[in-house]
Amino acid sequence: MQVKPLQDYILIEPIEEEEQTPAGIVIPDTAKEKPQEGEVVAVGPGRKNEEGKRIEMDVKKGDRVIYKKWGGNDVRVNGKDMLIVREEDVLAVVKG
């Protein structure tokens, strides 16, 4: 199944890194906070302004982004947990 976001929506695959305390104890998934970083899987065409012109998106497929902690909607695509967020919920693109 392929998902193509509409307007200024972005499909993100959250990156969940294994958390470990300084003493070496691995924190279980149930005790972790919701991830705030992920990889952009698909991007909509962008929203239209008042004159009907399309506003280009600032992120593209493959970008690694930081997004608002509780923004977006959880979805399951091809057995993977993903997130659909508006472009305004993306706070930064991670470089390097």
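Start by selecting β3 (64–67); strands here are DSSP runs of E, at least two residues, numbered from the N terminus. Its covered face holds Val65 and Tyr67, while Arg64 and Ile66 sit on the uncovered one. A word on the model: it is predicted, with local features needing pLDDT of at least 70 and side-chain atom pairs counted only at pLDDT 80 or more, while totals for chains, interfaces and linings use all residues. Residues are numbered from 1 along each chain as its sequence is written, and side-chain values use heavy atoms, leaving out hydrogens and water.

Next, bring up the neighbouring strands. Two strands pair if DSSP finds at least two bridges between them. β2 and β3 run antiparallel, joined by 3 bridges, and glutamate 39 has arginine 64 as its bridge partner. Now pick β6 (residues 90–94): β3 pairs with β6 over 4 bridges, again antiparallel, and here arginine 64 stands opposite valine 94.

Now click valine 65 and show its contacts (heavy atoms within 4.5 Å). Leaving aside residues up to four places away in sequence, Val65 touches Ile12, Gln36, Glu37, Gly38, Val40, Val59, Val90, Ala92, Val93 and Val94.

From there, select the largest nonpolar core: 11 residues, including Val65, Tyr67, Ile10, Leu83 and Met57. Such a core is a set of buried Ala, Val, Leu, Ile, Met, Phe, Trp, Tyr and Cys residues joined through side-chain atoms within 4.5 Å, buried being under 20% relative accessible area with a 1.4 Å probe, protein chains only. β1, β2, β3 and β5 each give two or more residues to this core.

Finally, zoom out: you have 0 helices and 6 strands, and 25% of the 96 residues are buried.

Technical notes: Buried < 20%, exposed > 50% of the residue type's maximum accessible area, 1.4 Å probe, protein only.
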